[in-house]
Amino acid sequence: MNTETDYDIIIIGGGIGGCAAALRGAQNGMRLLLITGSRASHRRSRSQWVHNIDNMIGLNDGVITDQVRTSLEKAGFGPAAAHIAGEHYHFNNRRIIDNTLQRLERHYAAWTTILRGDATGLVRTPDGFGVETEEGIARSPAVVLATGIMDEQPHFEIIDRSGQGHGSLRSIYPFANRGVALYCIRCEGHLTRNDPVAVIGHSETAAQIAFMFHERYRNPVYLLGNGTAAALTGTSQTLCEKYGIEIIPNAITRFVSAEVGQLCGVEFGGRPEIKVRFALVALGTHRAYNDLARAVEAELASGDLPPEQRQVLIDYRGETSVRGLFAVGDLALRRDEPMMKQIYTAQEYAVRAVDSIDSRRRKAFREAALAS
Ligand SMILES: Cc1cc2nc3c(=O)[nH]c(=O)nc-3n(C[C@H](O)[C@H](O)[C@H](O)COP(=O)(O)OP(=O)(O)OC[C@H]3O[C@@H](n4cnc5c(N)ncnc54)[C@H](O)[C@@H]3O)c2cc1C
């Protein structure tokens with residue numbers, strides 16, 4: 001990276017939001033720097049958990065297999081065509097991100113720089129912003145933050161064979177990222193429609209998710225407090241009774257596996273096991289990666305939460321309270337209406353933000369042309 005270089009836009013975060021912003025910027029012809037994040041920040045991002053996307057039209061293996069099957073049949077490769085028809089090709093975040101980085105490198109390298117590392121600081125300058133990285137400071141009039149959030153994970157006291165307890169997450173890992181331990185009802189809720197499901201959580205939000213399961217799929221639902229009593233409104237308690245949703249406050253001691261990665265039950269201290277095929281984690285946000293926004297005093301949402309859990313407030317363009325600083329993806333929250341934490345939302349706001357920055361850039365260009 002040339003530390004003297006100015007960019008039209010600097011995008012921080014190489015998940016879906018950052019990659020969508022980078023592709024839009026590159027296709028707009030903007031001189032851009034994409035700072036993708038390091039191995040460490042990738043590991044703690046939500047991107048890494050998305051194994052199989054099937055809530056979006058178009059992102060479906062049928063689109064690929066139908067075309068490939070047709071061309072194999074035309075070319076006389078009947079057995080290969082039959083093989084393809086029976087395959088399932090996962091669309092996961094990692095593949096989409098890798099593909100976007102390849103497209104940027106192959107087609108837009110002349111005005112696109114990709115830095116595989118973390119942004120470590122953000123400061124305001126007279127002309128915009130300076131972004132600190134391990135390779136120096138990069139400057140731009142506009143910055144897009146797409147650094148994401150992380151879900152709170154359930155903590156379990158796992159009892160080993162000798163009866164000793166250990167605090168461990170390992171118990172849920174075999175089920176995570178396989179469409180069994182779920183994190184998003186809008187992405188994966190439909191998988192549960194024929195099976196009993198447990199919602200791990202004790203808040204009103206967790207109860208609302210449990211109600212959605214029951215109302216959509218009529219499946220048996222449990223609400224698992226894992227050692228914490230549920231804090232529900234009177235109406236929600238009544239609804240739990242009406243819907244037959246059992247609230248279990250007991251600590252979880254084990255997830256029971258039918259085969260590798262297949263959940264069949266949950267065990268507790270002090271009460272019988274329940275049979276469930278899915279468990280949805282609904283414990284809220286563990287961390288919003290908002291450090292850079294905080295460094296320039298951008299306004300945050302949800303004043304009742306600790307600063308490190310608060311999303312960054314944006315307007316309809318994706319712009320924060322600091323002019324020229326935008327936030328997109330899971331990190332961002334509209335001040336005037338609810339926003340979903342989904343791939344399509346991240347993409348939409350990435351385009352809104354980058355096109356707004358481009359519009360300002362082109363306006364200046366046009367005014368300079370008229371003045372010359
Ligand atoms: C298990 C699971 C399944 C899901 N399934 C679906 C689904 O099927 N469909 C759907 O629509 N949505 C799904 N979602 C939601 C979806 O994954 C998120 O909405 C989406 O990943 C958000 O993208 P993002 O770019 O905002 O953040 P992320 O994808 O979390 O990316 C953030 C990026 O920022 C980088 N970063 C962080 N700090 C820095 C820094 N200081 N400098 C540089 N880079 C930094 C990280 O390395 C990371 O690459 C799922 C979520 C989970 C957890």
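**Exercise 1.** How many residues of domain 1 are in contact with how many residues of domain 2?

*Solution.* First, some ground rules. This is a predicted model, where local features need pLDDT of at least 70, side-chain atom pairs count only at pLDDT 80 or more, and totals for chains, interfaces and linings use all residues. Residues are numbered from 1 along each chain as its sequence is written.

Next, find the domains: domain 1 is 9-54 + 91-150 + 286-371 and domain 2 is 153-283, with bounds from an automatic or database domain assignment. Now count contacts, meaning pairs whose C-beta atoms, placed from the backbone, lie within 7 Å. Six residues of domain 1 touch seven residues of domain 2. On the domain 1 side, two are nonpolar, four polar and none charged. Here Ala, Val, Leu, Ile, Met, Phe, Trp, Tyr, Cys and Pro count as nonpolar, Asp, Glu, Lys and Arg as charged, and the others, Gly among them, as polar.

**Exercise 2.** Find out why the ligand lies between the two domains.

*Solution.* The shell has 37 residues, and the closest are Gly15, Gly17, Gly37, Gly148 and Gly329. The elements giving two or more residues to this shell are α1 (16-27), α2 (39-43) and α10 (343-371); helices (H or I, at least four residues) and strands (E, at least two) are DSSP runs, numbered from the N terminus. By class, the shell holds 16 nonpolar, 16 polar and five charged residues. Finally, both domain 1 and domain 2 give residues to the shell, so the ligand lies between them.

**Exercise 3.** Describe how helix α3 packs with helix α4.

*Solution.* Take the angle and distance first: α3 (residues 61-74) and α4 (residues 78-85) pack at about 170°, with their axes 8 Å apart. Axes are lines fitted to C-alpha atoms, for helices over the stretch in contact, and angles run from 0 to 180 degrees between N-to-C directions. The two helices are therefore roughly antiparallel (over 145 degrees). Then list the contact: Thr65, Val68, Arg69, Leu72 and Glu73 of α3 meet Gly78, Ala80, Ala81, Ile84 and Ala85 of α4. These residues divide into six nonpolar, two polar and two charged.

**Exercise 4.** In what order do the five strands of the open sheet lie?

*Solution.* The order is β3-β2-β1-β7-β21, with parallel pairing (two strands pair if DSSP finds at least two bridges between them). At the edges are β3 (112-115) and β21 (325-327). Inside the sheet, β1 (residues 9-12) and β7 (residues 143-145) pair over three bridges, and Ile11 has Val144 as its bridge partner.

Methods
A residue is near a molecule or strand if its C-beta atom, placed from the backbone, lies within 6 Å of it. Two residues are in contact if their C-beta atoms, placed from the backbone, lie within 7 Å. Angles under 35 degrees count as roughly parallel, over 145 as roughly antiparallel, 65 to 115 as roughly perpendicular and the rest as oblique.
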